[in-house]
Amino acid sequence: MDEAVGDLKQALPCVAEAPTVHVEVHQRGGSTAKREDIKLGVRKLLGRHSVVFGDYQWTEFDDPFLSRNVQSVSIVDTELKVKDPQPIDLSACTVALHVFQLNEDGPSSENVEEETENIVAASHWVLPAAEFHGLWDSLVYDVEVKSHLLDYVMTTLLFSDKNVDSNLITWNRVVLLHGPPGTGKTSLCKALAQKLTIRLSSRYRYGQLIEINSHSLFSKWFSESGKLVTRMFQKIQDLIDDKEALVFVLIDEVESLTAARSACRAGTEPSDAIRVVNAVLTQIDQIKRHSNVVILTTSNITEKIDVAFVDRADLKQYIGPPSAAAIFKIYLSCLEELMKCQIIYPRQQLLTLRELEMIGFIENNVSKLSLLLSEISRKSEGLSGRVLRKLPFLAHALYVQAPTVTIEGFLQALSLAVDKQFEERKKLSADV
């Protein structure tokens, strides 16, 4: 128990103690090196770089051992707690090393049989999964969204470790992310599961992510018997029984629970359907008792979520469209990728919003392109993250159509693509 609490202290943000810096070490897939040996090599690497400026990544190493066994070493999430980034002195910090290898297998299907039908009830990933690598960093929100989610899960583990009496202080291990479509709620759940599996790799050997197929769950077959729901959750219980696994249960569009129950009350659905919904809620109550499970849920239609379910959610986090500052970060990451792939060529340095603030947003030869990007970001407000990630592709397809383009030319194309997006939205609204 003391060792587990020690591991958890490493992962938890410190208040009075030295700040914690998290370093994620991506071990190569074919590597059989011991984690302790890798950690020793990484500590030597960090010892030669005592001061860093925010997140940083090494992909090339002087040490032959690290070159053979490590894909990358990344200082991560330094901005989650600090809105005004400062140089970080690693010698004055608690450095938490998280060594992980990616599982290259894709998702498997969890099926339940119902007479002649074999229904896909859920998708199942073993974490950390190659499919979700980099997903956490690609999702840009206001600073507190990600940190609140991480802190919430860390506190549930701490309270469990300390044997806090759950009759006196209650927590259900249930998170609800709600907001309009396209804001990345489902992706954030998957990214959070991946991040926590890595962050707690010294405590749990691997993670399990089960994404329940809500549409199958409330299909005509499932409305016939709650036994099938119970059977599906029994499979989840089997995963939870492995205490070396950290298990995440993802229920997307959880408002479908409400829809099914409301239809029953209105008499438009078989009365047995309400037993299915109640079975789901009962099963959630069963599995949340285990310390190694987190239940993640999403909803696009907040007002339709069942009160019985809302009461079960400890953390209810609104995920809205990105702010202008978040849009700037999204576009900046897209431009960096296109420059890396030499679609935008030659490479040019763009300033961050923080750097623009430091020079008072004054236009000069260095800041001109970054200020243009800031202007495009402001006029993109109102677009979802899903749309924003598509716009660089559409900008090229509609307005560039050449193997390479200068950054000036691409920003002009991006601006036109944003305008076109709002024009199309207006036309669609008129048609409706």
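Which residue just after α12 takes a positive phi? Gln342 does, with a phi of about 60°. The structure is a predicted model, in which local features need pLDDT of at least 70, side-chain atom pairs count only at pLDDT 80 or more, and totals for chains, interfaces and linings use all residues. Residues are numbered from 1 along each chain as its sequence is written, and side-chain values use heavy atoms, with hydrogens and water left out.

Helices (H or I, at least four residues) and strands (E, at least two) are DSSP runs, numbered from the N terminus. Helix α12 covers residues 324-340. Its 17 residues reach 24 Å from the first C-alpha to the last. This is close to the expected 24 Å, a span defined as 1.5 Å times one less than the number of residues. Several residues of α12 are buried, including Ala324, Phe328, Tyr331, Leu335 and Met339. Buried means under 20% relative accessible area, exposed over 50%, and partly exposed in between (1.4 Å probe, protein chains only). Cys334 counts as buried because its relative accessibility is 12%. The cover over the buried residues of α12 includes α13 (353-358), α14 (368-379), α15 (385-399) and α16 (407-431).

Strand β12 spans residues 293-299. Seven of its seven residues are buried, so β12 is largely enclosed by the rest of the structure. In a regular strand the side chains alternate between the two faces of the sheet. Val293, Ile295, Thr297 and Ser299 point one way from β12. Val294, Leu296 and Thr298 point the other way. Two strands pair if DSSP finds at least two bridges between them. Strand β9 (residues 174-178) pairs with β12 in the parallel sense over five bridges, and Val174 has Ile295 as its bridge partner. Strand β11 (residues 245-251) also pairs with β12 in the parallel sense, over five bridges. Here Val247 is partnered by Val293.

Another four strands form an open sheet of mixed pairing, in the order β3-β4-β1-β6. Its edge strands, β3 (56-58) and β6 (94-100), each pair on one side only. Neighbouring strands are turned by 20° against each other on average, direction ignored. Strand β1 (residues 20-27) and β6 pair in the parallel sense over seven bridges. Glu24 has His98 of β6 as its bridge partner. Helix α2 (residues 35-47) packs on this sheet and touches β1, β3, β4 (70-76) and β6, where contact means heavy atoms within 4.5 Å. The direction of α2 makes about 135° with that of β6. Axes are lines fitted to C-alpha atoms, for helices over the stretch in contact, and angles run from 0 to 180 degrees between N-to-C directions.
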